[in-house]
Amino acid sequence: DEIIEVYRPTDPPFHRIGTVRRKELPIVVEIGEADQAAMRRAARKALPNETGGVLIGVHVDGHPVVTDAIEILARQPAPNGFVIDPGETCRAVEAAAAADQRVGYLGEWHSHPTNQGPSLTDLGTMLRLASDDDTGDPVLVVVRPREGEAFHLDVYRVGTDRLVSVSMQTVGGLTPIEGVISVKGDGD
């Protein structure tokens with residue numbers, strides 16, 4: 001287990017002299033700037049309905065790094081729910097992994113057409129996903145309109161029996177590896 005010794009206090013979590021262990025560091029989810037923009041565009045385009053999809057990426061030093069936010073269209077869009085056909089998430093993850101073997105499933109994202117956080121349905125879905133060994137510790141991003149900005153991204157991880165709001169950090173994309181072609185949409 002990596003430890004950090006603080007000799008000169010600064011900002012939290014390094015605000016006290018002593019040992020800080022990795023598990024004491026705040027949870028941060030890194031999301032590419034292009035993927036943030038793609039989720040906002042999809043949310044705006046779907047109004048007055050919800051839209052959403054799957055978060056693809058990697059773990060770096062224990063932190064999820066979202067490298068692709070894939071929109072999966074609902075068969076019956078609605079303003080108060082987002083449901084995709086069974087198997088669509090798996091197909092999206094498999095396609096992403098076929099294009100770049102480093103990436104895999106990190107979680108889910110969807111929009112709310114009104115300024116509201118996660119619903120009880122969102123909580124139930126994420127608790128179910130977290131209990132599945134194949135999905136690990138999934139991330140949820142809720143994209144919602146907020147006063148003063150077009151759309152805001154709220155990022156969550158699953159706690160014991162609730163969703164825990166976590167920090168989002170904007171990052172660039174993964175460095176391409178030789179022989180792997182990554183295709184992004186129109187200027188994303």
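Okay, quick definition before anything else: a residue is buried when its relative accessible area is under 20%, exposed when over 50%, and partly exposed in between, with a 1.4 Å probe and protein chains only. Going by that, 39% of the 188 residues in this chain are buried.

Two bits of housekeeping. What you're looking at is a predicted model, so local features need pLDDT of at least 70 and side-chain atom pairs count only at pLDDT 80 or more, while totals for chains, interfaces and linings use all residues. Residues are numbered from 1 along each chain as its sequence is written, and side-chain values use heavy atoms, with hydrogens and water left out.

So, the overall layout. We have three helices and 10 strands, where helices (H or I, at least four residues) and strands (E, at least two) are DSSP runs, numbered from the N terminus. If you walk along from the N terminus, the order is β-β-β-α-β-β-α-β-α-β-β-β-β. On contacts, meaning heavy atoms within 4.5 Å: take the ones between residues at least 6 apart in sequence, and 59% of them join residues at least 24 apart. The accessible surface is about 11100 Å², and 51% of that belongs to carbon and sulfur atoms; those areas come from the Shrake-Rupley method with a 1.4 Å probe, and for residues only the protein chains shown count as cover.

Now the pocket. Rolling a probe the size of a water molecule over the atoms shows where empty space is left. Here a pocket is an open set of points on a 1 Å grid over the protein atoms alone, where a 1.4 Å probe fits, with protein on both sides within 12 Å along at least five of seven lines; lining residues have an atom within 4 Å of a point. The largest pocket holds about 790 Å³ of space, the volume being what is filled by probe spheres set on the points, which are joined across faces, edges and corners.

Who lines the largest pocket? There are 35 residues in the lining, and F82, I84, E108, T125 and R128 lie nearest the centre. The elements giving two or more residues to that lining are α2 (88-99), β6 (104-111) and α3 (120-130). Of these, α3 has the largest share, with six residues. By type, the lining splits into 13 nonpolar, 13 polar and nine charged.

On to charge pairs. Side chains of opposite charge can pair when their charged atoms come close. With a salt bridge taken as a side-chain nitrogen of Lys or Arg within 4 Å of a carboxyl oxygen of Asp or Glu, the count is five.

One of them sits in helix α2, where R91 and E88 are three residues apart, about one turn of the helix. Their closest N and O atoms are 2.8 Å apart. R91, at 47% relative accessibility, is partly exposed, and E88 is too, at 27%.

Another pairs R102 with D100, with closest N and O atoms 2.8 Å apart. Here D100 is buried at 9%, whereas R102 is partly exposed at 32%.

Then there's R157 with D137, at 2.6 Å, N to O. This pair links distant parts of the chain: R157 is in strand β8 (residues 149-158), and D137 is in the loop between α3 and β7 (139-146), 20 residues away. R157 is buried at 7%, while D137 is partly exposed at 39%.

Next, the prolines. Most peptide bonds are trans. Which one is cis here? The bond from L47 to P48 is cis, with omega near 10 degrees, and P48 is in the loop between α1 (33-46) and β4 (52-60). Over in strand β7 we find P145. Its C-alpha is 6.8 Å from that of P113, 32 residues away along the chain. Beyond neighbours within four places in sequence, P145 touches H112, P113, T114, N115, A150 and F151.

I3 is in strand β1 (residues 3-6) and is partly exposed at 41%. S167, in strand β10 (residues 167-171), is partly exposed at 40%. Leaving out neighbours within four places again, S167 is in contact with I27, V28 and V29.

Note on methods. Ala, Val, Leu, Ile, Met, Phe, Trp, Tyr, Cys and Pro count as nonpolar, Asp, Glu, Lys and Arg as charged, and the others, Gly among them, as polar.
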